[in-house]
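Subject: Structure handover and notes

Hi there,

Here is the structure I promised to pass on.

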Amino acid sequence: MRRLSILILFLALGGLLRAQDSPTLAMTVAAPTGTYATLPAKTTNSTVSTRYSLRRERTLFGDLDLSGLWGGPTYNYSATGDDWALVRGGFGGLELDDEVFIGYGGWSSRDAFTTDEALPTGDRPTYDFRHGGFIVAYSPGADNTIHPRITTILGPGRIQGSYTGEDGTVTDFRERMFVGQVMAGAELNLFQWFRLGIEGGYRFASGVNDVPNVTANDVSGAVVQIEARFGISW
């Protein structure tokens with residue numbers, strides 16, 4: 001009986017040692033429980049990821065990648081009355097996917113603006129014009145040496161000046177308005193860091209109501225623009 005007990009003890013110890021040296025066997029026994037415990041978690045994560053990708057928010061410029069930074073001075077000649085006035089300023093912004101530009105600029109007149117029609121008595125009112133706005137431009141084929149460019153500018157504007165009344169008194173005025181400008185032209189890639197743009201278009205003004213003898217049509221007019229653009233694309 002004693003020998004039988006010793007034999008059973010040795011067999012039990014041998015089985016325990018074999019179990020410790022065989023992790024595969026232990027994992028095999030535990031595999032069903034582990035499998036059923038982990039599969040739902042993986043399935044849930046996959047489902048959440050799929051739902052997230054399907055319900056991702058769509059944006060206007062979400063598929064465009066940043067491709068450059070550009071800015072520079074602008075020289076603009078605007079029709080006013082029977083003449084042209086110089087409007088000068090600058091801009092800066094981001095280039096997206098090499099063909100789309102989004103930025104902001106500001107410009108002010110260097111020559112006096114006036115009205116399209118003369119007054120019955122006295123001189124035409126003269127005023128300074130300035131405006132700023134967001135710029136959205138599109139340049140298809142921007143990698144070509146010469147390529148087209150379409151530009152839109154929307155933002156606030158202001159006129160400030162004076163007019164002479166029938167009795168000879170001079171009255172100052174100041175008025176704010178909304179300005180939109182649409183242009184089309186060509187852009188020349190002179191260097192990788194320098195581009196020259198020449199465009200023509202029309203400026204629209206709205207909201208000139210409280211200034212005698214000056215209307216939105218007087219502020220609106222044809223535009224010819226030369227713009228030097230400095231920056232880098234990658």
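Strands β6 and β7 pair in the antiparallel sense, over 19 bridges; strands count as paired if DSSP finds at least two bridges between them. The model is a predicted one, so local features need pLDDT of at least 70 and side-chain atom pairs count only at pLDDT 80 or more, while totals for chains, interfaces and linings use all residues. Residues are numbered from 1 along each chain as its sequence is written, and side-chain values use heavy atoms, with hydrogens and water left out.

Back to the strands. R149 has G185 in β7 as its bridge partner. The hairpin of β6 and β7 has five residues between the strands, and G168 takes a positive phi near 90 degrees there. On to β8: β7 and β8 run antiparallel and are joined by 13 bridges, with V182 opposite Y202 in β8. The hairpin from β7 to β8 passes through two residues.

For the overall layout, the protein chain has three helices and nine strands. These elements are DSSP runs numbered from the N terminus, with helices being H or I of at least four residues and strands being E of at least two. In order from the N terminus they read α-α-β-β-β-β-β-β-β-β-α-β. The chain has 234 residues, of which 32% count as buried; buried means under 20% relative accessible area, exposed means over 50%, and partly exposed lies in between (1.4 Å probe, protein chains only). Its accessible surface comes to about 15,000 Å², and 60% of that belongs to carbon and sulfur atoms; the areas come from the Shrake-Rupley method with a 1.4 Å probe, and for residues only the protein chains shown count as cover. If you take contacts between residues at least 6 apart in sequence, 60% of them join residues at least 24 apart, where contact means heavy atoms within 4.5 Å.

Now the aromatic rings. A pair of aromatic rings is described by the distance of the centres and the angle of the planes. The rings of Phe, Tyr and Trp (its six-membered ring) pair if their centres lie within 6.5 Å, and planes under 30 degrees apart count as stacked, over 60 as edge-to-face and the rest as tilted. A search of the whole structure gives ten such pairs. In one of them, F113 and Y127 have ring centres 5.9 Å apart and planes at 40 degrees, so this pair is tilted. It links distant parts of the chain, F113 in strand β4 and Y127 in strand β5 (residues 126-138), 14 residues apart. F113 is buried at a relative accessible area of 0%, and Y127 is buried at 1%.

A further pair, W193 with F230, is stacked, at 6.4 Å centre to centre and 15 degrees between the planes. W193 lies in the loop between β7 (170-191) and β8 (194-206) and F230 in strand β9 (residues 221-233), so the pair ties together parts 37 residues apart in sequence. W193 is partly exposed at 47% relative accessibility, and F230 is partly exposed at 39%.

Y127 turns up again in two groups. With F113, F129 and F173, Y127 forms one aromatic cluster. The largest nonpolar core has 25 residues, and Y127, I159, F173, M177, V208, V214 and V219 have the most contacts inside it. A nonpolar core here is a set of buried Ala, Val, Leu, Ile, Met, Phe, Trp, Tyr and Cys residues joined through side-chain atoms within 4.5 Å. Leaving aside neighbours within four places in sequence, the contacts of Y127 include F113, T114, I159, F173, V214 and V219.

Finally, two residues worth a look in the loop between β2 and β3: D97 and D98. Neither is a glycine, yet D97 has a positive phi of about 55 degrees and D98 one of about 70 degrees. D97 is partly exposed at 33%, and D98 is partly exposed at 39%.

Best wishes
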